[in-house]
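Please keep the display open while going through it.

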Amino acid sequence: MIQLILSDLDETLLNDDGTIHPENIAAIQAFTQNGGYFVPNTGRSYKSVYGTLAQLGLNKTTQYVVSYNGGAIVAIAPDGQEEIVVEHGMSLTLAQKIFDLGQVNDVVDTHVYTRDNLYIYNISATDQRYMTERQVPYTEITTTDLSFMANEGPVMKVIFEHPDPAVQQAIADAVTAVVGDEVLVTFSSNRYVEFNPKGVDKGVTGLELADILGIARDDTAAIGDNLNDAAQIKAAGVGVAVANAKPEIKALADVVLTTTNNEAAVADFIQHYAQKS
């Protein structure tokens, strides 16, 4: 029986407009009230998930969030107190190299996540709209010198945004040609190229959380849609792809749902599969 569900947010739990389907809310509440853990496993900062946790009713007891594509596990108490349980960051030196190498043209949008803050250089109109819809806090920067972050703790990840797959690949190639032995590259939402330290991904850290909670791998499920979800889908006892997932993710999954993110896919899994695994 599944005791821990690790779930991606965008294009998996959330509707396209950033809202949550009422059936997902009801199913997740029933699952957790029966002793299960439902844990967002996201590329975003944990600070951007507070509203989602409140909508799901998961802010009444200590709740875990896996953030930054596996960069951190954070425990959030009902009073808002935060505890970094696990942290897998990169040095500022490496972050600066990634940042510089990824500037393949003058319209690339670049995000740098530290433990507690998101900084965005050259933000695009698409990204501005996304941040507003998802209520993601960020600070715009105009400098390409990241030394001002020296006292903020480790950089968790660096990502680049551009709608053209050719530009995304050019960024990935430029970065990995120089620091490929030090980074893991993933793609998400058809516009992001993401870089974490080598060996850090949603699967590794998701299973770290399972171990902390005393839950066996076989009793862990991971649900997602995009390429940065591949690691958690492979690592979990039951890997789940929503109907709108990329073909590569469906090929990895143990369960391929017939429902999309807009059709309460998470509720579909909980109601029809989680209790039978």
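1. The side chains of Asp 10 and Tyr 130 are joined by a polar contact of 2.5 Å; such a contact is a pair of N or O atoms within 3.5 Å, where within protein one must be able to donate a hydrogen and the other to accept it, and residues adjacent in sequence count only if both atoms are side-chain atoms. The model is predicted: local features need pLDDT of at least 70 and side-chain atom pairs count only at pLDDT 80 or more, while totals for chains, interfaces and linings use all residues. Residues are numbered from 1 along each chain as its sequence is written, and side-chain values use heavy atoms, with hydrogens and water left out.

2. Asp 10 belongs to helix α1 (residues 9-13). Helices (H or I, at least four residues) and strands (E, at least two) are DSSP runs, numbered from the N terminus. With a relative accessible area of 9%, Asp 10 is buried; buried means under 20% relative accessible area, exposed over 50%, and partly exposed in between (1.4 Å probe, protein chains only). Not counting residues up to four places away in sequence, Asp 10 touches Arg 44, Tyr 130, Arg 134 and Asp 225, where contact means heavy atoms within 4.5 Å.

3. The structure holds 11 salt bridges, a salt bridge being a side-chain nitrogen of Lys or Arg within 4 Å of a carboxyl oxygen of Asp or Glu. One of them joins Arg 44 and Asp 10, with the closest N and O atoms 3.4 Å apart. This pair links distant parts of the chain, since Arg 44 is in the loop between β2 and α3 (50-56) and Asp 10 in helix α1, 34 residues apart. Both residues, Arg 44 and Asp 10, are buried.

4. Asp 229 and Lys 202 form a further salt bridge, the closest N and O atoms being 2.7 Å apart. Asp 229 lies in the loop between β12 and α8 (230-235) and Lys 202 in helix α7 (residues 202-213), so this pair ties together parts that are 27 residues apart in sequence. Asp 229 and Lys 202 are both buried. Salt bridges that share partners also join Asp 10, Arg 44, Glu 133 and Arg 134 into one network.

5. In the salt bridge of Glu 87 with Arg 115, the closest N and O atoms are 2.6 Å apart. Glu 87 is in strand β5 (residues 82-87) and Arg 115 in the loop between β6 (109-114) and β7 (118-121), 28 residues apart. Glu 87 counts as partly exposed at 30% relative accessibility, and Arg 115 is partly exposed, with a relative accessible area of 24%.

6. Five strands form an open sheet in the order β2-β1-β12-β13-β14, with parallel pairing; two strands pair if DSSP finds at least two bridges between them. Why is one side of β2 and of β14 left without a neighbour in the sheet? Both β2 (37-40) and β14 (255-256) stand at the edges, each with a single partner strand. Strand β13 (residues 238-241) pairs with β14 over two bridges, and Ala 241 stands opposite Val 256 in β14.

7. Strand β3 (residues 63-67) has five of its five residues buried, so this strand is largely enclosed by the rest of the structure. β3 pairs with strand β4 (residues 72-76) in the antiparallel sense over five bridges, and Val 74 in β4 is the bridge partner of Val 65.
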